[in-house]
Amino acid sequence: MKRHFSGVRASVFAAALLAASAQAAFFDNTAVEPNEYFEEGPEWKELDLALPALPQEGDLLKIEFNNASTNVEFIDGKTLEVGKDGIARVSLVSRHRSGTETVTREGIRCSTAQYRLYAIKNGDEWIAPKTSVWRDIPLGQYKTLRSELYSRVLCKDGFPKKVDQVIKDIRYPPTERNW
């Protein structure tokens with residue numbers, strides 16, 4: 001009997017070690033450290049960061065996803081950042097079939113599935129939008145750019161990915177099963 005009990009104890013210990021290593025592997029690719037309850041504290045505050053330079057053609061990374069739009073979407077890899085506040089900030093370029101393009105600076109809050117528009121390109125400069133509030137990202141069946149950024153590109157299970165992981169995933173997209 002004594003031998004069986006020590007074998008059970010060893011099995012429980014091994015299972016605990018396996019669970020801890022799996023958790024550590026998951027958080028290796030996220031940019032913020034979760035607390036013991038895996039949620040933001042009550043004192044969350046958004047950082048006030050300066051706008052980066054406008055995107056340059058050589059820094060654009062094409063985002064591939066299936067949607068109904070005929071636009072071609074890009075992320076500026078040079079200005080992609082994840083702040084200590086957990087916000088993934090990105091400059092987006094959307095090229096329309098007509099040849100025009102829309103360039104925006106946005107933030108994605110992975111913990112709440114929300115986005116915020118910080119600025120819009122106007123000529124050779126950024127301008128502030130009329131309103132800049134956090135809005136919910138629609139996560140239904142219809143795929144939008146923001147829902148793809150949240151669910152497949154910038155976030156993983158409510159946490160922002162590290163910048164180098166985002167760039168790697170865009171350049172070498174994982175298979176559907178691994179996203």
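Reply: The buried residues of α3 are covered by elements that include β1 (60-63), β2 (72-76) and α2 (145-154). Cover here is counted by contact, with heavy atoms within 4.5 Å. Helices are DSSP runs of H or I with at least four residues, strands are runs of E with at least two, and both are numbered from the N terminus.

This is a predicted model: local features need pLDDT of at least 70, side-chain atom pairs count only at pLDDT 80 or more, and totals for chains, interfaces and linings use all residues. Residues are numbered from 1 along each chain as its sequence is written, and side-chain values use heavy atoms, with hydrogens and water left out.

α3 itself spans residues 163-171. Its buried residues are Gln165, Val166, Ile167, Asp169 and Ile170. Buried means under 20% relative accessible area, exposed means over 50%, and partly exposed lies in between (1.4 Å probe, protein chains only). An α-helix has 3.6 residues a turn, so residues three or four places apart point the same way.

Of the 179 residues, 36% count as buried. Residues 24 or more positions apart make up 47% of the contacts with a separation of 6 or more.

Arginine 146 puts its charged end over the ring of tyrosine 115, 3.9 Å from the ring centre. The rule asks for NZ of Lys or CZ of Arg within 6 Å of the ring centre and within 35 degrees of the ring normal.

Tyrosine 115 has arginine 135 in β8 as its bridge partner. β6 (residues 114-122) and β8 (residues 135-136) pair antiparallel over two bridges. Strands pair if DSSP finds at least two bridges between them.

Isoleucine 120 faces isoleucine 127 in β7. That hairpin has two residues between the strands, and glycine 123 takes a positive phi near 70°.
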